[in-house]
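Please keep the sequence and the 3D view side by side as you read.

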Amino acid sequence: MPQCGTFMLYRSIHQLNEQLKGGFKMIIRKANDSDIELIANLYIGNWKKTYKGLLPDELLSSLNLRDGIQKWQEYLQKERHMIFVAYEYEKFLGFSACKE
């Protein structure tokens, strides 16, 4: 059974709950190569927001999309590693990385 972290999302849980009342449809599936850039972009953006003032600015400013894409491509190719993505119709909502 995979051990997954929480989903890293673009929206707050409150916003998602409000949409559920109005017929919100979330699809969760295993990630593939076409999802990697979206995953990397969200990951880097969240790191820069979450760790601002906690980690050195030089470290956070050095995070870039190219390296993020490489990180998540390598993660997805590792044995027993999985990434799940969430979409609302065609709109990317977030992801969760797992190890079996």
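Helix H2 covers residues 36–50, and its 15 residues should span 21 Å at 1.5 Å a residue; the distance between its end C-alpha atoms is 21 Å, which agrees. The expected span is 1.5 Å times one less than the number of residues. Helices here are DSSP runs (H or I, at least four residues), numbered from the N terminus. This is a predicted model, where local features need pLDDT of at least 70 and side-chain atom pairs count only at pLDDT 80 or more, while totals for chains, interfaces and linings use all residues. Residues are numbered from 1 along each chain as its sequence is written, and side-chain values use heavy atoms, leaving out hydrogens and water.

Which residues of H2 are buried? They are Ile 36, Ile 39, Ala 40, Leu 42, Tyr 43, Ile 44 and Asn 46. Buried means under 20% relative accessible area, exposed over 50%, and partly exposed in between (1.4 Å probe, protein chains only).

Ile 36 also turns up among the contacts of Leu 76 (heavy atoms within 4.5 Å). Leu 76 lies in helix H4, residues 65–77. Leaving aside neighbours within four places in sequence, Leu 76 also touches Ala 31, Asn 32, Asp 33, His 81 and Ile 83.

Now to the salt bridges, each a side-chain nitrogen of Lys or Arg within 4 Å of a carboxyl oxygen of Asp or Glu. The count is 2:

| Salt bridge | N to O distance |
|---|---|
| Arg 29 and Asp 35 | 2.8 Å |
| Asp 67 and Arg 66 | 3.6 Å |

Arg 29 is partly exposed at 30%, whereas Asp 35 is buried at 1%. Asp 67 is partly exposed at 37%, and Arg 66 is exposed at 63%.

Terms used:
Helices (H or I, at least four residues) and strands (E, at least two) are DSSP runs, numbered from the N terminus.
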